[in-house]
Amino acid sequence: MEGGAPPTQDEQPTGRTVGDDDARARWGVLDAVTDAILVVDDGGAVVHATALADELFGRAPGGLTGASLEHLFASADRAGLRADLDGD
């Protein structure tokens, strides 16, 4: 695909859903770092956590996935977090 030519049929997106191999590839860069990183969705649910993040929160590997971010914050900080998540 040189010179800005349109993609051929073989290069078109497949439309397949994201599977385990795709998820591993997507998060692979984050998993390679030695920092604690949480990726959350718009509602505040953890969709991915690095191994160090799981460890720091005392969870088994993958144990933060699906957890509510609110439950990871001290109760005094939850109102501000909720306001941030709600866009207030």
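The legends below describe close-up views of one predicted model. Residues are numbered from 1 along each chain as its sequence is written, and side-chain values use heavy atoms, with hydrogens and water left out. Because the model is predicted, local features need pLDDT of at least 70 and side-chain atom pairs count only at pLDDT 80 or more, while totals for chains, interfaces and linings use all residues.

**View 1. The whole chain and its elements.** The chain holds three helices and two strands, and from the N terminus on these run α-β-β-α-α. Helices (H or I, at least four residues) and strands (E, at least two) are DSSP runs, numbered from the N terminus. Of the 88 residues, 15% count as buried; buried means under 20% relative accessible area, exposed over 50%, and partly exposed in between (1.4 Å probe, protein chains only). The accessible surface comes to about 6400 Å², with 53% of it belonging to carbon and sulfur atoms. Accessible areas come from the Shrake-Rupley method with a 1.4 Å probe, and for residues only the protein chains shown count as cover.

**View 2. Confidence along the chain.** pLDDT is the predictor's confidence in each residue, from 0 to 100. The chain averages 75, and 70% of the residues score at least 70. Contact means heavy atoms within 4.5 Å.

View 3. Strand S1 (residues 38–40) runs antiparallel to S2, and three bridges join them. Two strands pair if DSSP finds at least two bridges between them. Leu 38 has Ala 49 of S2 as its bridge partner. Five residues lie between the strands of the hairpin, where Gly 44 takes a positive phi near 90 degrees.

**View 4. The largest nonpolar core.** Seven residues make up this core: Val 46, Ala 49, Ala 53, Leu 64, Leu 69, Leu 72 and Leu 81. A nonpolar core is a set of buried Ala, Val, Leu, Ile, Met, Phe, Trp, Tyr and Cys residues joined through side-chain atoms within 4.5 Å. Leaving aside neighbours within four places in sequence, Val 46 is in contact with residues including Leu 38, Val 40, Leu 64 and Leu 72. In soluble globular proteins, nonpolar side chains tend to be buried together.

**View 5. Thr 50 and Asp 35.** Thr 50 sits in the loop between strand S2 (46–49) and H2. Thr 50 counts as buried because its relative accessible area is 2%. Beyond four places in sequence, its contacts include Leu 30, Val 33, Asp 35 and Ile 37. Asp 35 is in the loop between H1 and S1, and at a relative accessible area of 47% Asp 35 is partly exposed. Beyond four places in sequence, Asp 35 is in contact with Thr 50 and Leu 52. Asp 35 and Leu 52 are 17 residues apart in sequence and 6.3 Å apart in space, C-alpha to C-alpha.

**View 6. Leu 56 in helix H2.** Leu 56 belongs to helix H2 and counts as exposed because its relative accessibility is 60%. Leu 56 and Ala 36 are 20 residues apart in sequence, and their C-alpha atoms are 7.7 Å apart in space.
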